[in-house]
Amino acid sequence: MTKRKHECPDMMDLLVDYLEDELADDQRKDLEFHLELCPPCMNFLQTYKETGSICRAALQREMPTALKSNLRDFLSKKCCE
């Protein structure tokens with residue numbers, strides 16, 4: 001069985017370079033063509049793009065003191081068993 005040129009896993013391997021604008025023109029065109037025809041991959045790309053900003057926003061919030069204390073206690077008990 002021959003491998004199709006535009007299989008999803010192959011295209012997903014290109015995402016980081018695509019988002020950093022480091023793909024060769026032919027790879028970029030292949031990926032963009034695939035994304036136009038593959039809604040699941042397009043959704044994955046959108047989610048992938050949003051992940052960084054979601055993580056940065058989460059890291060800017062301070063964990064409530066009670067939660068921090070409870071988490072520390074829980075981890076201490078689980079790690080020291």
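A residue is called partly exposed when its relative accessible area falls between the buried range, under 20%, and the exposed range, over 50%. The legends below refer to a predicted model.

**Figure 1. Lysine 49 in helix α4****.** The relative accessible area of lysine 49 is 45%, so this residue is classed as partly exposed. Lysine 49 and leucine 15 are 34 residues apart along the chain, and their C-alpha atoms are separated by 9.6 Å. Leucine 15 itself belongs to the largest nonpolar core, to which helix α4 (39-60) gives two or more residues.

**Figure 2. Overall form of the protein chain.** The secondary structure consists of five helices and zero strands, in the order α-α-α-α-α along the sequence. The radius of gyration of the chain is 20 Å, whereas a compact globule of 81 residues would have a value near 12 Å. Along the principal axes, the C-alpha atoms fill a box of roughly 55 × 30 × 20 Å. Of the 81 residues, 12% are buried.

**Figure 3. The largest nonpolar core, with nine residues****.** The set comprises Met11, Leu14, Leu15, Leu23, Leu31, Leu35, Cys38, Cys41 and Leu45. Two or more of these residues are given by each of the helices α3 (25-37) and α4 (39-60).

**Figure 4. Cysteine 8 and cysteine 41.** No disulfide is present anywhere in the structure. For cysteine 8, the nearest cysteine sulfur is that of cysteine 41, 3.5 Å away; for cysteine 41, in turn, the nearest is that of cysteine 8. Because a disulfide requires sulfur atoms within 2.5 Å, the separation of 3.5 Å leaves cysteine 8 in no disulfide.

Figure 5. Arginine 28 takes part in two pairings here, one with aspartate 25 and one with glutamate 32. In the pairing with aspartate 25, the closest N and O atoms are 3.5 Å apart; in that with glutamate 32, they are 3.2 Å apart. Aspartate 25 and arginine 28 are three residues apart in helix α3, so about one helical turn separates them. Arginine 28 is partly exposed at 25% relative accessibility, and glutamate 32 is partly exposed at 26%.

**Figure 6. The salt bridge between glutamate 62 and lysine 68****.** The N to O distance between these side chains is 3.0 Å. Glutamate 62 has a relative accessibility of 64% and therefore counts as exposed; lysine 68, at 33%, counts as partly exposed. A search of the whole structure gives three salt bridges, and this pair is one of them.

Figure 7. Met63, Leu67, Leu71, Phe74 and Leu75 make a nonpolar surface patch of about 430 Å². Among them, leucine 75 is located in helix α5 and is partly exposed, with a relative accessible area of 41%. Helix α5 (residues 65-79) also holds lysine 77, which is exposed at 58% relative accessibility. In sequence, lysine 77 and methionine 42 are 35 residues apart; in space, the C-alpha to C-alpha distance is 43 Å.

How values were computed
Residues numbered from 1 in each chain as written. Predicted model: local features only at pLDDT ≥ 70, side-chain atom pairs only at ≥ 80, totals over all residues. Heavy atoms only, no water. Core = buried A, V, L, I, M, F, W, Y, C linked by side-chain atoms within 4.5 Å. Buried < 20%, exposed > 50% of the residue type's maximum accessible area, 1.4 Å probe, protein only. Helix = DSSP H or I, 4+ residues; strand = E, 2+ residues; numbered from the N terminus. Patch = residues over 30% accessible without salt bridge, like charges linked within 9 Å, V, L, I, M, F, W, Y side chains within 5 Å. Areas by Shrake-Rupley, 256 points an atom, 1.4 Å probe, with all protein chains shown as cover. Salt bridge = Lys/Arg side-chain N within 4 Å of Asp/Glu carboxyl O. Rg over C-alpha atoms; globule rule 2.2 N^0.38 Å.
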